[in-house]
Structures are given as structure tokens and as C-alpha cells.
Amino acid sequence: MVYRRIFDDAISRLKDERRYRVFADLERDADAFPKARWRRDRASVEDVVIWCSNDYLCMGRHPEVISAMKNAAARHGVGSGGTRNISGTNHPLVELEAELADLHGKEAALVFTSGWISNLATISTIGDLLPDCLILSDQLNHNSMIEGIRRSKAQRRIFRHNDLAHLEELLAEAGPERAKLIAFESLYSMNGDIAPIGQIADLARRYNAMTYMDEVHAVGLYGPRGGGIAERDGVMHRIDVIEGTLAKGFGTLGGYIAANEAIIDAVRSYAPSFIFTTALPPAIASAAQTAVRLLKERQGAELRAQHQRQAMLTKHALSAAGLPVMANPSHIVPVLVGDAELCKSATDMLLDRHSIYIQPINYPTVEKGSERLRITPGPLHTDAHIVHLVEALVDVWKSLKLPFVEQPKVVEFKRESVDGRCTFPEFKRAAE
């Protein structure tokens, strides 16, 4: 058997299907984010603007977060020294878990090395511990949730995305006595839509089911203290297990769950992917705790308000230009392309011609035919950045002959400098 050929053929299939992924070599500039340096090759370095970062609130470059990491590394060293059971339960990590439990109003929290692992470990463990468990999973749940469900011995049923009637049908069919876990997300990151959390909690209570909710794209970003969509909607106390990440709104690394002490202790004691994984280092734990604490305070509310402003302004500007923005009530700005090759071409053109970096979103992340650009404005994207983005996307759409929502038109902006920012309070369409 020629082993090399098997792997070469596998990569060739991805390239033939136009979904081979290319990584851009980027150096984020902490002093000038969202700017970064793009290494096109060993000899060429160019400045670009990142428009697809999941560091939604730019906490990864916050001076106090950086200082906390530096100080902890100097004090404790850079590694954790082992798993949680073998010297890895460092004090900054214990403090972080207490901070997260407080954020979500739960008795306890448990930190993992990533959000992917926290979903896989927790869902699979709960599914195995509950006798004859049925897991009811939203159709658009993240891969990490799906893998956790697959890893467990529980039976699984998929309900149509955000479809309460279908969910209730499956709950009623299972009966009130059977152990059931409803697994869903609060905010779906590719479409930007939001789950009816309170109504799902109502169904869970009516049919005697547990609830497991992934808040990774909402923690830090929503709610009075950054507790997520559930905090914003006043329903955190009605969800049994809340899962989140430290790598998006909080700008660091790691994942976690928050729940009552019995659930946390059970997952801690039974999940192999927690037990046998090296713990987060003290420096990362300290930085994450600082980010969580800061976003609970007034400056967190101010960052969230600026983030929402720039996200809504970006949506409005792109829509006014006739670009096919997929409507949703969140900070996610998806722009539909609908073809894998054209999606990649669009992102290449944005980078080469306009120094804008947006990664293409293709299958299997989204369904074939729904390929898109997923734009994530942040609080440090200025109005001038938004003007540049709109003009660049209009140019790309015309160059690739992609369809506009209406007839392609040039969007003219009022360019008024206010403290170095470009504002455009009014949009004026002008026929070509």
C-alpha cells in the first residue's frame, strides 16, 4: 500500500471541491488592532485589517489583561505542571472558576483547555451518567456539541433549528419519566440568530428535561455583566448547564461550564478528556479572570455598547450598498456568496486588492450553496474602517459579477472627520 498517495488523494478531493483551507500568516498588532501584519511569503510583509476575529471585544490586547498574564507568568512560570489532579490545579485557575460561577449565578464552574473540549467532555459525560438518556439536539449545533453527543451512549434525536413545536413533539414522544437533555446554543455563530431560551426552558420544565446551553458567542458580549443572552433575557437561573469560552468575548484561551455543584463534581470526576488533559497555565487563567472581571464592570458595558454600535452600523452600511447581508439580531454580519469557489475568490481579492482579511466560510462549516463571508465588527473598528470595507466589498462583488440585492449602485458616504473618525450619518445611493 502506498500510504502517501492516500493522503495526497484526500487533499486533492478537497481542492477539487473548492474547500481546501489556506491559513494566512498574521501578526496581530496589539497597539493598533484590528490592524495586523500579513506575511504573504518570507520576503513580503503587508499591513491588513482583520474583519473576522472572534476576539469580539478586543480583550486579547487589553493592557490589564496583558499585565495580568505577564505578572502571573513571572510569578508562577509559563506551564501548569500537569493535569488538574497532578499539581495542575493552580490558584489562578481556582479563582477563575469562582469568577465564572459568579458571572452565571451558579454554584460552581469548571475550566477546560478549550470550548470544543468543554462541550465534548460535558455532554458525553452527562449523557452517559443519566440512565437511558435521550439527547435532543438543535439541528445547527456546533461540531463540538455533535461530537459530545456522538461520544456518549445516549440515544439522540435532532430537532429542527429553533423549532419549538418539533422539540415539544420529541419531548412528548419520549415521555416525562425518561431522562432527557436538551442541547442548544444561545447564539448561532454562522447565521447570527438567537434561540428562544425562555420557551425552551418552559418545555424542559413541562416535560422533565435538563437543559444544556452553549453561550460561547455571547459571553462577555450580552447582559448587564457579560453573562450572555441568558443574562440579558433574565433566564440564566432556568438553564441547568451553561457552557462558554474564554477565547472569544474574553480574548484569551479555554472553555468552561457553570452549573450546580453536583453536576460540576460529576463531570470533573468522570470526564476522561478533563481528567487526562494538562490544565490551563496560571498566566492564561489569570488573564482570563481579569478579562471576565473587567467585563462585569462599567467599562464592560461601554465596550459592549460600542461593539453593538459598530456591528449594527456595519450591517446598515453593507445593506445600503445592496450587498446580501443575512438578517439577524446579533453582532454577527454574514454576507451570502452561495458558491465555494467564488467565496474563496472574494476573500483573496479583498486581501490582495484592499488589504482586508476575511476568511471564507465553506462546507462543512455551512451547507453547500450557503457559503458566505462572516464579518465580525469590533469596538476598535472605526467608522472609516467600515467605509473602506463597504467600498471594497462593492468592488469585489462587481469584479466577480456576484448578485446584489438590488441593482448595483455606488454608495457615497459623507466623509466628516470627528476626532480622527470618519462618520456617515446619511447614505446616498447614486446610479452608476
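Arg39 is partly exposed, at 33% relative accessibility (buried means under 20% relative accessible area, exposed over 50%, and partly exposed in between, with a 1.4 Å probe and protein chains only). Arg39 also forms a salt bridge with Glu27, and their closest N and O atoms are 2.5 Å apart (a salt bridge is a side-chain nitrogen of Lys or Arg within 4 Å of a carboxyl oxygen of Asp or Glu). This is a predicted model: local features need pLDDT of at least 70, side-chain atom pairs count only at pLDDT 80 or more, and totals for chains, interfaces and linings use all residues. Residues are numbered from 1 along each chain as its sequence is written, and side-chain values use heavy atoms, leaving out hydrogens and water.

**Salt bridges**

- Side chains of opposite charge can pair when their charged atoms come close.
- The structure holds 27 salt bridges.
- Arg39 lies in strand E2 and Glu27 in strand E1, so this pair ties together parts twelve residues apart in sequence (helices, H or I with at least four residues, and strands, E with at least two, are DSSP runs numbered from the N terminus).
- Glu27 is partly exposed, at 25% relative accessibility.
- Arg37 forms a salt bridge with Asp29, with the closest N and O atoms 3.6 Å apart.
- Arg37 is partly exposed, with a relative accessible area of 30%.
- Glu27, Asp29, Arg37 and Arg39 are linked in a network of salt bridges.
- Asp202 and Arg238 also meet through their side chains, in a salt bridge of 2.4 Å from N to O.
- Asp202 sits in helix H8 and Arg238 in the loop between helix H9 (229-232) and E9, so the pair ties together parts 36 residues apart in sequence.
- Asp202 is partly exposed at 34% relative accessibility, and Arg238 is partly exposed at 30%.

**Nonpolar cores**

- The largest nonpolar core has 56 residues (a nonpolar core is a set of buried Ala, Val, Leu, Ile, Met, Phe, Trp, Tyr and Cys residues joined through side-chain atoms within 4.5 Å).
- Helix H12 (residues 282-296) gives the largest share of this core, eight residues.
- Another core lies apart from it, with 39 residues, among them Cys52, Ala317, Leu389 and Val390.
- In the largest core, the residues with the most contacts inside it include Ile182 and Phe184.
- Beyond its neighbours within four places in sequence, Ile182 is in contact with residues including Leu136, Phe159 and Tyr212 (contact means heavy atoms within 4.5 Å).

- Ala392 is found in helix H15 (residues 383-399).
- Ala392 counts as buried, at 0% relative accessibility.
- Leaving out residues up to four places away in sequence, Ala392 touches Leu350, His354 and Ile356.
- Gly254 lies in the loop between strand E9 (241-245) and strand E10 (255-259).
- Gly254 counts as buried, at 1% relative accessibility.
- Not counting residues up to four places away in sequence, Gly254 touches residues including Phe112, Thr113 and Leu280.

**Cysteines**

- A disulfide is a covalent bond between the sulfur atoms of two cysteines.
- The count here comes to zero disulfides (the rule asks for a pair of cysteine sulfur atoms within 2.5 Å).
- The closest cysteine sulfur to that of Cys52 is in Cys343, 11 Å away, which is too far for a bond.
- Cys52 is buried at 17% relative accessibility, and Cys133 is buried with a relative accessible area of 3%.

**Backbone exceptions**

- Most residues other than glycine have a negative phi, and most peptide bonds are trans.
- The peptide bond from Phe33 to Pro34 is cis, with omega near 20°.
- Pro34 is in the loop between strand E1 (26-28) and strand E2 (35-41).
- Tyr363 and Pro364 are joined by a cis peptide bond, with omega about 10°.
- Asn208 is not a glycine, yet has a positive phi of about 60°.
- Asn208 lies in the loop between helix H8 (197-206) and strand E8 (210-214).
- Lys401, not a glycine either, has a positive phi of about 55°.
- Lys401 is exposed, with a relative accessible area of 73%.
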